[in-house]
Amino acid sequence: MISVTKSIHITRVDVHNVDDVLGYLGSNVQLVSVECWRAVAFAAVLADRAVKRGGTAHAKTLGGGELLLRLAGTHQIREAIREVGAKNGLNYLVIFGDRSKAEETLRNLGLTEVELKDCSDDELKRFFEKSALVEVL
């Protein structure tokens with residue numbers, strides 16, 4: 001598990017049955033299906049900042065929506081869920097809160113951590129551009 005900030009923690013997990021974990025997802029916990037951990041970290045920081053400063057968030061909760069919107073580069077939650085929402089297989093688990101809560105959540109979900117996957121600078125740049133659209137619109 002990597003701590004991006006004191007209150008944002010990310011790990012890559014293998015999900016055998018996404019239906020088993022959907023009940024845990026919401027305001028402070030989210031599973032996202034993207035390739036690059038740095039993209040997840042960037043989107044999580046943007047989402048956290050938008051919620052904290054008020055008035056610029058597009059969703060009601062960090063993990064429940066704002067993170068998904070930023071990752072997908074859209075204002076439509078259904079589209080964001082379809083594009084980057086949790087799926088069976090490899091996902092990133094993002095937990096907003098202190099590290100002990102993040103570790104407890106991981107244990108409670110019974111998910112196995114796997115190595116984080118990085119992406120090329122070009123892939124990351126394309127993600128930054130897409131995510132920035134949500135930021136400015």
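Five salt bridges (a side-chain nitrogen of Lys or Arg within 4 Å of a carboxyl oxygen of Asp or Glu) were found in a search of the whole structure. The model is predicted, so local features need pLDDT of at least 70 and side-chain atom pairs pLDDT 80 or more, while totals for chains, interfaces and linings use all residues. Residues are numbered from 1 along each chain as its sequence is written, and side-chain values use heavy atoms, without hydrogens and water.

Aspartate 118 pairs with arginine 38 in one of the salt bridges, with the closest N and O atoms 2.9 Å apart. Aspartate 118 sits in the loop between β5 and α5 and arginine 38 in helix α1, so the contact ties together parts 80 residues apart in sequence. Helices (H or I, at least four residues) and strands (E, at least two) are DSSP runs, numbered from the N terminus. Arginine 38 also forms a salt bridge with aspartate 121, at 3.2 Å between the closest N and O atoms.

The structure holds one disulfide (cysteine sulfur atoms within 2.5 Å). It joins cysteine 36 and cysteine 119, with sulfur atoms 2.2 Å apart. The S-S torsion is about -55°, so the disulfide is left-handed.
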